[in-house]
Amino acid sequence: MDSRYTTFALYALGAGAITTSLVKLKGRLALSKSKHRSLSGHARMARRLAAMVPFYEYDERRFFRADDAPDEIAARREAGFTRLAEMYRERYPNTVRLTEEVRDGVSDMQFTDAYRVPFQFSRFVRQHLRVGAFVQSSEGVTVTDLDGNRFYDLTGSYGVNLFGNDFYKQCIERAVEQARDLGPVLGAYHPAIAHNVKRLREISGLDEVSFHMSGTEAVMQAVRLARYHTRRTHLVRFCGAYHGWWGDVQPGIGNPIPARETYTLNDMSEDALRVIATRRDIACVLVNPLQALHPNGDAPSDTSLIDSGRRAEFDREAYAEWLRRLRAVCSSRGIVLIFDEIFLGFRLAPGGAQEYFGVRADMVTYGKTLGGGFPVGVLCGRKEMMRRFREDRPADICFARGTFNSHPYVMTAMEEFLRRLDTAEIRVLYAGLDELWNKRAAQLNDRLRKENLPVRVANLSTVWTTLYTQPSRYNWMLQYYLRAEGLALSWIGTGRFIFSLNYSQADFEAVADRFVAAAKAMQQDGWWWADPAATNKSIRRKILREILAHRFSRNRA
Ligand SMILES: Cc1ncc(COP(=O)(O)O)c(C=O)c1O
């Protein structure tokens with residue numbers, strides 16, 4: 001070959017390689033830019049750093065002085081803590097006894113117990129303020145523990161409890177009657193499925209339905225199908241969004257291996273839209289509309305309440321606009337838009353988040369409350385997205401099973417749930433729902449402001465979170481004062497309260513009174529004393545210094 005051609009060919013190859021590298025580099029840079037600046041936005045780095053944090057804890061003296069409070073304040077805190085500890089011991093003996101008896105054998109209990117508060121304080125709190133894990137009954141908006149103590153239920157059973165526990169008891173009773181003749185026969189379907197499929201198609205506005213045993217599995221199936229049909233590999237989730245505990249949707253802390261085919265992008269950001277609009281490997285985008293309350297924020301657990309940096313504010317129109325833009329980009333790129341409505345589903349409107357925000361998805365997952373009190377996950381999707389095989393490639397299938405996926409008792413409870421959802425009695429609960437709960441939040445905030453308490457609430461309808469207005473290391477203590485006032489909280493403490501729609505004004509006012517009383521008691525006990533120079537940043541820096549010091553001294557030891 002003429003050497004001129006060879007040289008030309010080499011130049012062309014070189015130029016091609018450089019262009020490819022530049023394009024790749026550009027893609028990588030765009031991706032980096034589209035991540036949220038927090039650690040949650042950088043899942044791999046977060047995992048690596050988390051693995052390096054050493055355990056250390058405060059001794060009794062430091063426990064009350066982590067913010068260098070003067071002795072007089074520390075003494076008030078200690079007296080308050082001792083009073084609470086005695087009260088817990090007296091009031092919850094049987095509930096705590098059973099909890100202690102079984103805890104060693106229940107991994108979940110050990111985990112939730114250890115992670116109620118920041119780890120430096122955890123053991124001391126666990127030793128003295130023992131929280132019982134058992135309740136024996138529920139009625140109205142209350143639950144009762146093994147010692148007969150009644151609590152207003154703010155746990156919402158992880159979101160399942162939308163219409164009040166009595167509603168679900170009735171669904172279950174009716175479900176058992178309906179399924180009695182068939183019993184637990186699996187494989188063949190109970191006829192209740194016909195109604196469920198019909199209503200779910202109407203509610204979702206989508207063509208097909210698949211049943212699963214949990215929300216996590218419904219999400220797994222949605223992503224698997226999106227990958228199958230688009231022949232692309234990656235899923236997009238937004239920073240902080242929870243979609244169950246499957247590895248690919250939980251790329252950060254909590255998952256022992258990296259999720260290599262997941263992009264975690266900055267929520268409500270132009271840069272994220274740009275990445276979605278330009279990359280060719282994105283199969284689907286997952287949206288958890290709960291993030292509208294705290295875009296890019298993790299589930300607000302008190303275990304990470306190390307300062308007062310928790311933020312939340314819901315802007316319905318801004319989020320709807322974001323979803324509309326996301327919808328347009330996904331449509332133009334053939335990317336499957338999945339709304340994960342497992343948590344919020346029927347909580348915002350009978351037609352779920354699609355109806356509430358006025359945006360349609362290609363696939364929607366539901367769960368929790370839809371099971372009428374039983375475990376469930378549901379996926380609804382467009383026909384061409386839901387198909388699990390290809391006409392022209394018989395061996396190329398997209399597999400999905402699950403022994404209990406259409407359990408007769410679950411299906412009959414779901415049928416009951418859906419029938420009741422259509423009744424006037426339930427529909428009326430949705431009328432003016434947001435106005436009602438926004439008004440209640442504003443009322444409580446007003447009281448907190450007037451009482452000069454450094455606490456506020458923020459809400460997305462009936463889902464609430466607690467915010468703290470002045471830098472403090474002890475905000476997590478509020479959960480123990482709230483429990484002492486007879487409010488039942490989930491293990492993430494003040495991070496999330498979930499109200500059921502059957503809370504009357506009187507019920508709500510009782511909760512508000514208790515909330516204010518708890519905050520007042522906490523303030524009187526000195527926990528919110530603050531060094532005027534302290535800021536959230538200075539608190540975080542100090543903790544970082546502690547962590548480094550412990551890591552350093554451990555390495556030397
Ligand atoms: C939005 C969302 N997706 C998925 C899941 C997982 O559902 P499950 O706990 O039923 O597996 C949850 C559970 O909290 C959720 O809130």
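**Exercise 1.** Decide whether G187 is buried or exposed, and find where G187 lies.

*Solution.* Begin with the relative accessible area, which is 68% for G187, so that G187 is exposed; here buried means under 20% relative accessible area, exposed over 50%, and partly exposed in between, with a 1.4 Å probe and protein chains only. Finally, compare sequence with space: G187 and H407 are 220 residues apart along the chain, and their C-alpha atoms are separated by 8.7 Å.

The model is a predicted one, in which local features need pLDDT of at least 70 and side-chain atom pairs count only at pLDDT 80 or more, whereas totals for chains, interfaces and linings use all residues. Residues are numbered from 1 along each chain as its sequence is written, and side-chain values use heavy atoms, with hydrogens and water left out.

**Exercise 2.** Describe how α8 and helix α16 (residues 408–421) cross, and list the residues that make the contact.

*Solution.* The two axes, which are lines fitted to C-alpha atoms over the stretch in contact, with angles running from 0 to 180 degrees between N-to-C directions, come within 8 Å and cross at roughly 125°. That angle makes α8 oblique to α16, given that angles under 35 degrees count as roughly parallel, over 145 as roughly antiparallel, 65 to 115 as roughly perpendicular and the rest as oblique. The crossing of α8 and α16 is right-handed, meaning that the near helix is turned clockwise from the far one by less than a right angle. On the α8 side the contact (heavy atoms within 4.5 Å) is made by F167, Y168, Q170, C171, R174, A175, V176, Q178 and A179, and on the α16 side by P408, Y409, T412, A413, E415, E416, F417 and R420.

**Exercise 3.** Check the length of α20, and then work out how helix α18 (residues 433–450) runs relative to helix α20 (residues 505–524).

*Solution.* The expected span of a helix is 1.5 Å times one less than its number of residues, so the 20 residues of α20 should span 28 Å, in agreement with end C-alpha atoms that are 28 Å apart. The axes of α18 and α20 come within 11 Å and cross at roughly 30°, which makes α18 roughly parallel to α20. In this contact, L436, W437, R440, Q443, L444, R447 and L448 of α18 meet Q505, F508, A512, D513, F515 and V516 of α20. Among the buried residues of α20 are F508, A512, F515 and V516.

Terms used. Helices (H or I, at least four residues) and strands (E, at least two) are DSSP runs, numbered from the N terminus.
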